[in-house]
Amino acid sequence: MLPFSSDTFNLASKMTFARIYNACKVYLSFWIEKITKKGNIKGLPISLTIEPTTACNLGCPECPSGLKKFSRPEGNLKKPLYESIINQVEKHVFYLNFYFQGEPFINPNFLDMVAYANSKKIYTATSTNAHFLTDEVAKKTIQSGLDRLIISIDGITQEVYENYRVHGKLDKVLAGTKNILKWKKELQSNTPYVIFQFLVVKPNEHQIEDAKKLAQELGVDEIRFKTAQVYAYENGNPLLPTIEKYSRYKKQANGKYALKNKLLNECWRMWSSCVITWDGKVVPCCFDKDATHQLGDLSTSNFNQLWKSEAYQKFRKNILINRQSIDICKNCTEGTKVFEG
């Protein structure tokens, strides 16, 4: 990918003076608090992750949604709550990610939500397993104004693909991808920017080069190779790749596995973004999959007040002082550096 792609320019086009000014305040606030350790914040988030649904048609082995292992309720985001949130954040948020848990296209109102954010000139992105991208849905996806579409493709043969994407059908993924690309051309649209995302695990690592060729043949805009988060890794895991650059974990001298990187007492996400569940709960980030660290409820609270609340300030302060004590941070690569020791 070129350093400045059409996607980069598209994202830049969403910036307004108010959004740029807010982003500068957030960035400056983050660096000041790294020194003071108070957890205060100036400005409002520049990006949001909103969960359209917790439902999913697959059963991926490291996904609480696919495995039905949530302690929180399953459901779909409703349009009134969603539009209320967007109306509160539109002046400062310029990037909106429609994905937390679940398959976004299962929510019947998903593309209407994308169109609403697009009408507010907010950059929109989502991640999908592509099983619902029929010809009709693909056309509506282009028409919604979606800016970025990440398609999970974790294998180029059915046998390898279904090893991680349990219950998934590779032919549906490829058909859905072709539908999107066809309607982009038919409607002469530059969006969405289509990314193949290949989650590298041991069963599929031998197909990395073939995946690159497939992406080129189909004509997607980019392919990305992502390291996999696994929950039980200390004693090893069948999913851990043998190619070290694609693994988040490394075997230690004692035979146990640990994150390759050293966890720092900082996290840019706590100043720049947050995650909102389908029923309006605000959680710190996407690692809090079961919403155990709820910092507020947007079905009853104002976003600006919640963002600067005492509970949020306390959580940010704890990040700066003792991040290792926070359970959801222990398996995270955000705010880390390569361990040299």
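Biologist: Which helices each supply at least two residues of the lining of the largest cavity?

Modeller: Helix H10 (269-272) and helix H12 (310-322) do. Keep in mind that this is a predicted model.

Biologist: How much space lies in the largest cavity?

Modeller: About 70 Å³. The count comes to 1 cavity of 30 Å³ or more. Its lining has 13 residues. Cys 267, Met 270, Cys 285, Arg 323 and Cys 329 lie nearest the centre.

Biologist: Now the sheet. How do strands of a sheet pair?

Modeller: Through backbone hydrogen bonds, either parallel or antiparallel. Here the sheet is open and has 9 strands, with mixed pairing. The order is S6-S5-S4-S3-S2-S1-S10-S11-S12.

Biologist: Which strands stand at the edges?

Modeller: Strand S6 (222-227) and S12. Each has a single partner strand, so one side of each is left without a neighbour in the sheet.

Biologist: Take strand S1 (residues 47-50). How many bridges join S1 to S10, and in which sense do they run?

Modeller: 4 bridges, and the two strands run parallel. Thr 49 has Val 275 in S10 as its bridge partner. S1 is also joined to S2, by 3 bridges, again parallel. There Thr 49 stands opposite Asn 97.

Biologist: Which way do the side chains of S1 point, and are they buried or exposed?

Modeller: Ser 47 and Thr 49 point one way. Leu 48 and Ile 50 point the other way. All are buried.

Biologist: What about the faces of strand S10 (residues 273-276)?

Modeller: Both are covered. Ser 273 and Val 275 are buried on one side, Cys 274 and Ile 276 on the other.

Biologist: Which helix lies across S1 and S10?

Modeller: Helix H4 (residues 79-89).

Biologist: In which sense do S10 and S11 run?

Modeller: Antiparallel, over 2 bridges. Val 275 stands opposite Val 283 in S11. The two strands form a hairpin with 4 residues between them. Gly 280, in the turn, has a positive phi of about 95°.

Biologist: Which peptide bond is cis, with omega near 0°?

Modeller: The bond from Thr 191 to Pro 192. Pro 192 lies in the loop between helix H8 (170-186) and S5.

Biologist: Gly 280 is a glycine with positive phi. Which residue other than glycine has phi near 60°?

Modeller: Lys 121. Look for Lys 121 in the loop between helix H5 (110-119) and strand S3 (123-128). Its relative accessible area is 59%, so Lys 121 is exposed. Ala 130 also has a positive phi, about 70°, without being a glycine. Ala 130 sits in the loop between S3 and helix H6 (135-144).

Biologist: Is Ala 130 buried or exposed?

Modeller: Buried, because its relative accessible area is 1%. The cut-off for buried is under 20%.

Biologist: Where is Lys 289, and is this lysine buried or exposed?

Modeller: Lys 289 is in the loop between strand S11 (281-283) and strand S12 (296-297). At 15% relative accessibility, Lys 289 counts as buried.

Biologist: What does the side chain of Lys 289 reach?

Modeller: The backbone oxygen of Cys 286, at 3.4 Å. Beyond four places in sequence, Lys 289 touches Pro 64, Phe 70, Arg 72, Phe 100, Gln 101, Gln 229 and Tyr 231.

Biologist: One last residue. Where is Gly 43 found?

Modeller: In the loop between helix H2 (17-36) and S1. Gly 43 counts as buried, because its relative accessibility is 5%. Leaving aside neighbours within four places in sequence, its contacts are Asn 22, Lys 25, Val 26, Trp 307 and Lys 308.

Biologist: How far apart are Gly 43 and His 92 in sequence and in space?

Modeller: They are 49 residues apart in sequence. In space the C-alpha to C-alpha distance is 8.5 Å.

Conventions:
Residues are numbered from 1 along each chain as its sequence is written. This is a predicted model: local features need pLDDT of at least 70, side-chain atom pairs count only at pLDDT 80 or more; totals for chains, interfaces and linings use all residues. Side-chain values use heavy atoms; hydrogens and water are left out. Buried means under 20% relative accessible area, exposed over 50%, partly exposed in between (1.4 Å probe, protein chains only). A polar contact is a pair of N or O atoms within 3.5 Å; within protein, one must be able to donate a hydrogen and the other to accept it, and residues adjacent in sequence count only if both atoms are side-chain atoms. Contact means heavy atoms within 4.5 Å. Two strands pair if DSSP finds at least two bridges between them. Axes are lines fitted to C-alpha atoms, for helices over the stretch in contact, and angles run from 0 to 180 degrees between N-to-C directions. On a 1 Å grid over the protein atoms alone, a cavity is a set of points where a 1.4 Å probe fits but cannot get out, and a pocket is an open set with protein on both sides within 12 Å along at least five of seven lines; lining residues have an atom within 4 Å of a point. Grid points are joined across faces, edges and corners, and a volume is the space filled by probe spheres set on the points.
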